[in-house]
Number of protein chains: 2
Amino acid sequence: MKTYDYLLSYGVKPSVQRIAIMDYLLEHRTHPSIEEIYLALCDDIPTLSKTTVYNTLKLFVEHGAAQMLTIDERNVNYDGDVSLHAHFLCKKCNKIYDLPAAHEEDRMEQFNMNGFAVQEIHQYYKGICPMCAASKEELS
Amino acid sequence: MKTYDYLLSYGVKPSVQRIAIMDYLLEHRTHPSIEEIYLALCDDIPTLSKTTVYNTLKLFVEHGAAQMLTIDERNVNYDGDVSLHAHFLCKKCNKIYDLPAAHEEDRMEQFNMNGFAVQEIHQYYKGICPMCAASKEELS
DNA sequence: AAAGAAATTGTAATAGTTACAAATTTAAAA
DNA sequence: TTTTAAATTTGTAACTATTACAATTTCTTT
């Protein structure tokens, strides 16, 4: 599907900037920060403003076209994959990896029964990623 | 156990400021922010610096005496309860609630087998808490 | 009591984010 | 079409959270 129609399917009116940002999110599964997106798109859209990147991602999240990750305390990251999956933040290289999600159906039912209306599930793990663990061994 | 000895048990050298901050964390299970802790303790310790609150909580986290929550993108929160449990952030009142944790043993084993050395587990849920849900109904 | 180490403090700097008004672009109406 | 209105984008300034760092104070050891 074209990104134009993809945005429409989430009720987001397409524009040059919005398409470019959504494209970046869908093609780069690096869970980019605002800064990363802004710097990457500055080449193609020289007039791009960082405020637009902020506004657009806020809009995407509101419409369910992207999700905001708060796994890294230093800045917020965004994910174009809105399906339920877990995230792993490497404390060494600061990269964020995707991991399969734990099943939450039973828990959701229980939480909802207790009056907590869950709208978002975040499964975050932090530690050392395989690549950094390997490079650590080399040094020893 | 006295907070003095509690800190020692985590390898943290006690001080007036450290004891006061740890006490606040243990007695107020509200998952306070730096700001909340600072304002609360200013009365008792008029000379308290916000930098000290930052330094101290960083120290606590390094020694495993507290955990840092990144559930709220607006600021970091701290929890004196370092046992594994889930957190729920109400999008309306912004309060953070404790919820029972999902069992993670099998997943940890799997992640570790894949080379991801997990050091921290965060189970975050966001939505509307029971109190806010109730007050919403009143208005309708 | 003096010297050295550790902890605390205050200020200034930095970084991430938001507010907002002006400018531009897009859509709708005449 | 032209005109008008609405929506979007932009740039700047403001704001908030956090960190850096040097100076001061407090605690330890001799």
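**Pockets, cysteines and the DNA contact**

Student: Which elements of chain B each supply at least two residues of the lining of the second largest pocket?

Tutor: In chain B, α3 (34–42), α4 (50–63), β1 (67–69) and β5 (117–128) each supply at least two. Helices are DSSP runs of H or I with at least four residues, strands are E runs of at least two, and both are numbered from the N terminus. The model is predicted: local features need pLDDT of at least 70 and side-chain atom pairs pLDDT 80 or more, while totals for chains, interfaces and linings use all residues. Residues count from 1 along each chain as written, chains are lettered from A and ligands numbered from 1 in written order, and side-chain values use heavy atoms, without hydrogens and water.

Student: What is the volume of the second largest pocket, and which residues are closest to its centre?

Tutor: The volume is about 720 Å³. Of its 28 lining residues, A:E73, A:K126, B:V61, B:M68 and B:E120 are the closest to the centre. A pocket is an open set of points on a 1 Å grid where a 1.4 Å probe fits, with protein on both sides within 12 Å along at least five of seven lines; lining residues have an atom within 4 Å of a point.

Student: What makes up the lining of the largest pocket?

Tutor: From chain A, α3, α4, β1 and β5 each supply at least two residues, as does β3 (86–90) of chain B. β5(A) gives the most, seven residues. The volume of this pocket is about 840 Å³.

Student: How many disulfides does the structure hold?

Tutor: Zero, over all chains. A disulfide is a pair of cysteine sulfur atoms within 2.5 Å. The sulfur of A:C93 is 3.6 Å from the closest cysteine sulfur, that of A:C90, so it is too far for a bond.

Student: Why is A:C93 called partly exposed?

Tutor: Its relative accessibility is 27%. Buried means under 20% relative accessible area and exposed over 50%, with partly exposed in between (1.4 Å probe, protein chains only). A:C93 therefore counts as partly exposed. A:C42, at 22%, is partly exposed too.

Student: What makes the pair between A:T47 and DNA strand D a polar contact?

Tutor: A polar contact is a pair of N or O atoms within 3.5 Å. For base nitrogens of DNA strand D, the distance is 3.3 Å from a polar side-chain atom of A:S49 and 3.3 Å from one of B:T51.

Technical notes:
Points joined across faces, edges and corners; volume = space filled by probe spheres on them. Polar contact = N/O pair within 3.5 Å; in protein donor to acceptor, adjacent residues only side chain to side chain.
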